[in-house]
Amino acid sequence: MFSLKKVKYKHILDIDNLNIKKHKVTCIVGESGSGKSTLLRLLNKLISCDSGEIYYENQLLNTIDSVELRRKVSMLPQLPVIFPGTVRDNLLIGLKFAEKLPVGDEKLHYILNLVHLNKKLDEDSQMLSGGEKQRLALGRLILLDPEVFLLDEPSSALDEETESIIIEKLVAYTKESNKTLIMVTHSKKVAHTYSENIIEINKGKVVNFKEV
């Protein structure tokens with residue numbers, strides 16, 4: 001699905017060759033500052049490499065319209081944006097930005113259950129905890145129904161038990177829906193339990209690619 005050839009970005013990344021497979025759960029691991037988040041940002045053109053080539057579905061990334069790409073390849077940053085308003089407002093606003101039709105409350109309740117967020121749709125989103133906001137933003141991303149989920153530490157604000165529940169549900173949803181999940185995680189337990197491929201980055205280089 002993604003193919004990187006001789007990709008360099010500043011002094012942060014230097015990837016000679018990397019292929020990320022379609023319809024798989026891939027975890028990116030490595031020490032803080034190794035370039036994991038930078039790699040995710042390259043994959044949906046939030047930044048562009050200084051040299052080398054990145055392909056998505058055999059098409060050069062820099063020839064794909066950025067808006068169109070991000071409708072297919074959607075990213076959840078480590079500190080997601082939560083907008084003023086209710087839980088419902090925050091779930092629906094992504095659809096509005098993407099110029100997609102809104103959905104009814106039944107679908108929104110399904111999404112809240114999927115991300116294990118036991119909140120009413122009319123609750124004020126600003127009153128949520130950090131972990132709850134992270135899950136709300138994840139629900140908003142799932143509603144957009146992209147082909148690829150790029151998740152940067154999606155469980156960093158969660159306790160271990162909630163993390164396991166969320167990741168397990170997300171992985172199941174990804175497989176049932178025939179999606180691709182690429183996730184940066186600090187948790188070796190998450191990587192080894194749920195991923196099908198593990199990419200280890202150290203000082204900007206891919207030092208290990210393992211099929212689990």
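**View 1. Helix H1 and its buried residues.** In helix H1, the residues Lys 36, Thr 38, Leu 39, Leu 40, Leu 42 and Leu 43 are buried. Here buried means under 20% relative accessible area, exposed means over 50%, and partly exposed lies in between, with a 1.4 Å probe and protein chains only. Helices (H or I, at least four residues) and strands (E, at least two) are DSSP runs, numbered from the N terminus. Just after H1 comes Lys 45, which takes a positive phi of about 65°.

Two notes on reading these views: this is a predicted model, in which local features need pLDDT of at least 70 and side-chain atom pairs count only at pLDDT 80 or more, while totals for chains, interfaces and linings use all residues. Residues are numbered from 1 along each chain as its sequence is written, and side-chain values use heavy atoms, with hydrogens and water left out.

**View 2. Leu 69 in helix H2.** Leu 69 is found in helix H2, and at 1% relative accessibility it counts as buried. Leaving aside neighbours within four places in sequence, Leu 69 is in contact with Leu 43, Asn 44, Lys 45, Tyr 56, Leu 61 and Ile 64. Contact means heavy atoms within 4.5 Å. Gly 85 is 16 residues from Leu 69 along the chain, and the C-alpha atoms of the two are separated by 28 Å.

**View 3. Helices H3 and H5 packed together.** Two packed helices are described by the angle between their axes and the distance between the axes. For helix H3 (residues 87-97) and helix H5 (residues 130-143), the angle is about 35° and the axes are 8 Å apart. The axes are lines fitted to C-alpha atoms, for helices over the stretch in contact, and angles run from 0 to 180 degrees between N-to-C directions. H3 passes H5 in a right-handed crossing; a crossing is right-handed if the near helix is turned clockwise from the far one by less than a right angle, and left-handed if anticlockwise. On the H3 side, look for Val 87, Asn 90, Leu 91, Ile 93, Gly 94 and Leu 95, and on the H5 side for Leu 136, Gly 139, Arg 140 and Leu 143. The residues of this contact divide into 6 nonpolar, 3 polar and 1 charged. Ala, Val, Leu, Ile, Met, Phe, Trp, Tyr, Cys and Pro count as nonpolar, Asp, Glu, Lys and Arg as charged, and the others, Gly among them, as polar.

**View 4. The largest pocket.** This pocket has a volume of about 600 Å³. A pocket is an open set of points on a 1 Å grid over the protein atoms alone, where a 1.4 Å probe fits, with protein on both sides within 12 Å along at least five of seven lines; lining residues have an atom within 4 Å of a point. Grid points are joined across faces, edges and corners, and a volume is the space filled by probe spheres set on the points. Of the 21 residues that line the largest pocket, Met 75, Gly 94, Phe 97, Leu 141 and Leu 144 are the closest to its centre. Helix H2 (66-72), strand S6 (73-76), H3 and H5 each give two or more residues to the lining. The lining residues divide into 14 nonpolar, 3 polar and 4 charged.

**View 5. The second largest pocket.** About 220 Å³ of space lies in this pocket. Its lining has 13 residues, and the closest to the centre are Val 29, Gly 30, Lys 188, His 192 and Glu 200. Two or more residues each come from helix H7 (188-194), strand S9 (197-202) and strand S10 (205-211), and H7 gives the most, with 3 residues. The lining divides into 3 nonpolar, 6 polar and 4 charged residues.

**View 6. Asp 124 beside Gly 85.** Asp 124 sits in the loop between helix H4 (105-114) and H5. Asp 124 is partly exposed, with a relative accessible area of 36%. Asp 124 and Gly 85 are 39 residues apart in sequence and 5.9 Å apart in space, C-alpha to C-alpha. Neighbours within four places in sequence aside, Asp 124 is in contact with Gly 85 and Thr 86.

View 7. Most residues other than glycine have a negative phi. Lys 6, in strand S1 (residues 2-9), has a positive phi near 50° and is exposed, with a relative accessible area of 57%. Lys 203, in the loop between S9 and S10, has a positive phi of about 55° and is exposed, at 75% relative accessible area.
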